[in-house]
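These are my notebook entries on a single chain. I set down here what I looked up, entry by entry.

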Amino acid sequence: MTTSRPADQEPAPAADVDQPVPRLLLVDDEPGLRTAVQAYLEDEGFDVTTAVDGEEGFSKAQQLLPDLVISDVMMPRCDGYGLLRRMREDERLGGTPVIFLTAKGMTADRTQGYLAGVDDYIPKPFDPDELVARVRNVVRRQDRLLTEAARFADADVGQMARQINEIRSMLTGSAADAAAAAEAPQLSFTPREASVLQLVAEGLMNKEIARQLETSIRNVEKYVSRLFIKTGTSSRTELVRFALQHRLVD
């Protein structure tokens with residue numbers, strides 16, 4: 001791979017100042033390739049952190065919470081598949097997109113990568129411009145997914161906040177409140193489910209809950225769905241009413 005740029009080629013346009021710089025984690029045990037790819041991606045406006053293998057990559061991913069991980073497949077200690085598996089099992093990293101770089105080009109190897117949950121797959125040697133294009137594509141796709149998730153999470157949040165206040169007012173000090181509390185169902189919540197329930201009852205949006213709990217919006221949606229099932233409710237308003245009636249939240 002070469003990182004040279006034609007003299008008459010203009011640098012990539014600067015990102016909008018209001019947009020955060022995408023944080024990438026590059027994991028590869030080949031020093032030369034790692035340095036070259038890092039330099040090229042940084043020239044294209046990305047913030048790049050590197051790791052020498054999957055073991056270090058997973059540790060840095062936990063610290064960095066990158067927007068995208070680019071990883072070699074064949075590495076010592078922990079290979080790309082091991083790194084991917086550990087990320088998908090980690091609550092904060094489960095939704096992070098991953099691109100595999102590998103010398104293998106067989107269809108079976110690509111299939112294995114996709115089945116393991118990888119988002120894209122680029123065989124070596126590769127054209128650096130193609131790598132950048134794929135990186136941008138995956139980052140933008142992730143941004144669209146998060147934006148769409150946030151849009152649905154934020155829908156009618158103002159109305160829900162008013163409803164929560166009304167529910168609190170109706171239940172405060174009422175006989176029905178005391179009776180409901182006395183008959184509180186015996187529900188078992190995990191610590192994370194209890195935290196999500198408390199924040200939902202405070203009127204926070206999914207993206208705000210995700211930020212406070214340092215997890216992904218996708219995981220927050222998963223916990224809210226579990227709470228619906230456990231409480232027999234079908235909306236956030238019903239869930240909050242149930243939680244307040246049975247004094248499951250403060």
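In which loop does Glu214 lie? I found Glu214 in the loop between H9 and H10. I keep in mind throughout that this is a predicted model.

**Entry 1: Residues with positive phi**

I looked up the backbone of Glu214 and read a phi near 55°, a positive value in a residue other than glycine. Its relative accessible area is 48%, so I recorded Glu214 as partly exposed.

I then turned to Leu65, in the loop between helix H2 (54–64) and strand E3 (68–72). Leu65 is not glycine either, and its phi is positive, near 50°. With a relative accessibility of 26%, Leu65 counts as partly exposed.

I noted one further positive phi, near 50°, at Arg247, which follows H11.

**Entry 2: The chain as a whole**

I counted 11 helices and 5 strands in the chain. Of its 250 residues, 42% are buried. I also looked up the contacts between residues at least 6 apart in sequence, and 65% of these join residues at least 24 apart.

Two packed helices are described by the angle between their axes and the distance between the axes. I used both values for each helix pair below.

For H8 (residues 191–201) and helix H9 (residues 206–213), I read axes that come within 10 Å and cross at roughly 135°. This angle makes H8 oblique to H9. I recorded the crossing of H8 and H9 as right-handed. On the H8 side, the contact is made by Arg192, Ser195, Val196, Leu199 and Val200, and on the H9 side by Ile209, Gln212 and Leu213. Sorted by class, the residues of the contact of H8 with H9 are 5 nonpolar, 2 polar and 1 charged.

**Entry 3: H8 against H11**

I next looked up H8 with H11, whose axes cross at roughly 105° and come within 9 Å. H8 is therefore roughly perpendicular to H11, as an angle from 65 to 115 degrees counts as such. Leu197, Val200 and Ala201 of H8 make this contact with Arg236, Leu239, Val240 and Ala243 of H11. I found 6 nonpolar residues, no polar and 1 charged in the contact of H8 with H11.

**Entry 4: H10 against H11**

How far apart are the axes of H10 and H11? I read 10 Å between the axes of helix H10 (residues 217–231) and helix H11 (residues 236–245), which pack at an angle of about 60°. H10 and H11 are therefore oblique to each other, and their crossing is left-handed. Val224, Leu227, Phe228 and Thr231 in H10 meet Arg236, Leu239 and Phe242 in H11. By class, I recorded 5 nonpolar, 1 polar and 1 charged residues for the contact of H10 with H11.

I then listed the buried residues of H11, which are Arg236, Leu239, Val240, Phe242, Ala243 and Leu244.

**Entry 5: Glu193**

Is Glu193 buried or exposed? Its relative accessible area is 2%, so I recorded Glu193 as buried. Glu193 is placed in helix H8. I found that its side chain reaches the backbone nitrogen of Thr190 at 3.0 Å. Beyond its neighbours within four places in sequence, Glu193 is in contact with Ser188, Tyr223, Arg226, Leu227 and Lys230.

I located Asp120 in strand E5 (residues 120–123). Its relative accessibility is 11%, and Asp120 therefore counts as buried. With neighbours within four places in sequence left aside, I listed its contacts as Val98, Ile99, Phe100, Tyr114, Arg134 and Val138.

Pro125 is in the loop between E5 and helix H5 (128–154). I read the peptide bond from Lys124 to Pro125 as cis, with omega near -5°.

Last, I looked up Arg110, in helix H4 (residues 107–116). Arg110 has a relative accessible area of 28% and is therefore partly exposed. The C-alpha atoms of Arg110 and Phe100 are 9.2 Å apart, and these residues are 10 residues apart along the chain. Phe100 is one of the contacts I had listed for Asp120.

Methods: Residues numbered from 1 in each chain as written. Predicted model: local features only at pLDDT ≥ 70, side-chain atom pairs only at ≥ 80, totals over all residues. Heavy atoms only, no water. Axes fitted to C-alpha atoms, helices over the stretch in contact; angles between N-to-C directions. Helix = DSSP H or I, 4+ residues; strand = E, 2+ residues; numbered from the N terminus. Parallel < 35°, antiparallel > 145°, perpendicular 65-115°, else oblique. Left-handed = near helix turned anticlockwise from the far one by under 90°. Contact = heavy atoms within 4.5 Å. Nonpolar A, V, L, I, M, F, W, Y, C, P; charged D, E, K, R; others polar. Buried < 20%, exposed > 50% of the residue type's maximum accessible area, 1.4 Å probe, protein only. Polar contact = N/O pair within 3.5 Å; in protein donor to acceptor, adjacent residues only side chain to side chain.
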